[in-house]
Each structure stands twice: as C-alpha cells, then as structure tokens.
Amino acid sequence: MRNLYILIIFFMFIMRKEELILGASSALSFWSKNLFPILFPTFIIVDLLLSSTLIKYVSDILGFFFKKVFRTSKSASFVFILSMLSGTPTNVKILKRMYDNGSISSKDITKILSFTFFFNPFLIISFAGIKVLLIIWISNILTGIILRNFYVSEEVKTSSISIPFSLQESTRINMDIMLNILGTITVFMCLSYIIPFISPLFNALSSSFLELSTALYKNKLYFSSEYIYIFMLAIGGVSIFMQIKSILKDTLIDYKFIVLSRIITLIIALLICFLT
C-alpha cells in the first residue's frame, strides 16, 4: 500500500510540473527569508544558553511547580519557557542536546514535547492574532495537566548539567539541521501545491496536514477563520513531525503519544475558542 501511495505521488509530480516548481521555489523562498534568519541564530543562541548555568537557575525557580503540576523533571521549566518564545522545532533542538548530554531521557522528551508543541509567536500573531496564540498556549498547558500521569519523569540533578559550547561545532550541527528542515519543507510544500484544487476549504485543510506555513497563508487568503487557524496550529502537520524526527533520530520517542496530545490540544483549543 505504501508503494502505491509513492507511485501516485510520483505521477502527480510528473503531471503537475508547474505546481511542483512553484512549490519548490516557495519552499526555498520561505526557508531563506523566514526560517533561516530566525531559526539558525536561535539555534546558536540556544547552544550558548545550554552551556551556561541558566538551566539550573530557571529549574530552581520554576522546577518545583512543573514537577508537581506536570510531573516532569525540573528542567522541563527551562524548555517550556524557551518553547513559548521560539516554538518548535527549536524546543526539539534543546531536548536533543539535553538528551545527548544525559540530562533527560527519551521518556522525558516524549512527555515534555507533548505540551510544548508551540510555534513561533511572531508567526502566529502575524497570521492569526494574539487571541489564537493565547488559546494555543493555554490548551497545551491543559493538555500537559491532563496527561500528567503518563511518562512521569525521574528527578534530574540540574546542577550537574554542563553542555560545552563550541561555535564551530554548533555551526556545523545546526547547519545540518537547517538543511534537513529545508528538504522536509520542500517535499511537503510541493505536495500541498500539487493537490488538485477542489474547494478553498479542502485546499486549506489538506495543506494543514502537510505543511503549516502554506496552510496558514491559504487560510488567510480564503477564510481568516480562527477555528481553522487553531486546527492548523494544534495538529502541526506532517512536515513538522518529520522535522522533529530528523532532529531526534536514533532517539526512542513515542510519537503516538504526541499525536494523542495534539488531538487533546485541538479539542481543548476549539472549545476555548467557541466559549470566548
């Protein structure tokens, strides 16, 4: 069955060559103008922060709250704050570095990522507004509380966390990550462009499952619906999951649990939007 899907996509690429070219050029333009100038320096800064004592200070101040409310390790508080400010996949990059250093386990990553599935706040505000941003933040927090008894983290001695910083090594690793992100975005943005246009709603929702940035643009073009924005931002799309997997390669993550958390977040977010 998987080979059949690949064959169908291959023929769609051939038959809709103009759309394929448009999708590839749009992906490169979006990556070079929007993602690279934000993500790459952010990744470097994150590596620098991880080499400092900031994790320990933040964990000492907020860690007890996270341990009691979300049943995570105290270091989750540091990841949560940076996730709100920079979004995914920056927080995945942080989790991977902490995992490589032995500060957290793969179970910790699964748990923390299930309620820190955020996106760049400036991107959300520019498309959907501050209300949608707050709804996504709140619904993720409530999801973390609902799932608090799953993947309960063991305590980590945050004072022992020490991740050395090397500008040369950080540049090399983060450039590899950025190129992987470019490849992933290109594939899924091309897919979103070659899907036949049946209706504006179908086009926007199908793009939501594939690539977030294209979906946000299409919703703004056709509807500017808060409900559709919330749907897109809650589920994230296949592209962002592939970016996560590329960063967390060779790491045993329960992606079914993360998908479950996205469904719960979506339900909570839609309910909040309806009530407000």
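A residue is called buried when its relative accessible area is under 20%. The legends below describe a predicted model.

**Figure 1. Burial of helix 13 in the predicted model.** Helix 13 spans residues 238-247. Its buried residues are Ser-239, Ile-240, Phe-241, Gln-243, Ile-244 and Ile-247. The cover over these buried residues includes helix 5 (90-100), helix 6 (106-114) and helix 9 (167-194). Helix 10 (200-210), helix 12 (226-235) and helix 14 (255-275) are also among the elements that cover them. One of the buried residues, Gln-243, is touched by Ile-181.

**Figure 2. The overall fold, shown as context for the close-ups.** The protein contains 14 helices and zero strands. Its C-alpha atoms fill a box of roughly 55 × 50 × 40 Å along the principal axes. The radius of gyration is 19 Å, which agrees with the value near 19 Å for a compact globule of 276 residues. Buried residues account for 50% of the 276 residues. Of the contacts between residues at least 6 apart in sequence, 75% join residues at least 24 apart.

**Figure 3. The largest nonpolar core and the surroundings of Ile-181.** The largest nonpolar core comprises 69 residues, and those with the most contacts inside it are Ile-94, Phe-117, Val-132, Ile-181 and Leu-233. Helix 2 (residues 17-50) supplies the largest share of this core, with 10 residues. A second, separate core has five residues, among them Phe-188, Ile-194, Ile-195 and Leu-210. In soluble globular proteins, nonpolar side chains tend to be buried together. Leaving aside residues up to four places away in sequence, Ile-181 touches Trp-31, Leu-35, Leu-39, Phe-43, Pro-89 and Gln-243.

**Figure 4. Helix 4 and its cover.** The buried residues are Ala-76, Ser-77, Phe-78, Val-79, Phe-80, Leu-82, Ser-83, Met-84 and Ser-86. Among the elements that cover them are helix 2, helix 3 (54-69), helix 5, helix 6, helix 7 (121-127) and helix 8 (130-146). Just after helix 4, Gly-87 adopts a positive phi of about 85°.

Figure 5. Apart from residues up to four places away in sequence, Ser-83 touches Asn-91, Thr-116 and Phe-118.

**Figure 6. Lys-107 in helix 6.** Lys-107 is placed in helix 6. With a relative accessible area of 53%, Lys-107 is exposed, because exposure requires a value over 50%. Lys-107 and Ser-153 are separated by 46 residues in sequence, and their C-alpha atoms are 7.3 Å apart in space.

Figure 7. The protein exposes about 13,500 Å², of which carbon and sulfur atoms supply 70%. There are 24 positive and 14 negative charges, and the mean positions of the two sets are 4 Å apart.

Notes:
Residues are numbered from 1 along each chain as its sequence is written. This is a predicted model: local features need pLDDT of at least 70, side-chain atom pairs count only at pLDDT 80 or more; totals for chains, interfaces and linings use all residues. Side-chain values use heavy atoms; hydrogens and water are left out. A nonpolar core is a set of buried Ala, Val, Leu, Ile, Met, Phe, Trp, Tyr and Cys residues joined through side-chain atoms within 4.5 Å. Buried means under 20% relative accessible area, exposed over 50%, partly exposed in between (1.4 Å probe, protein chains only). Helices (H or I, at least four residues) and strands (E, at least two) are DSSP runs, numbered from the N terminus. Contact means heavy atoms within 4.5 Å. The radius of gyration is taken over C-alpha atoms; the globule rule is 2.2 Å times the number of residues to the power 0.38. Accessible areas come from the Shrake-Rupley method with a 1.4 Å probe; for residues, only the protein chains shown count as cover. Lys and Arg count as positive and Asp and Glu as negative; His and the chain ends are not counted. The place of a charge is taken as NZ of Lys, CZ of Arg, CG of Asp or CD of Glu.
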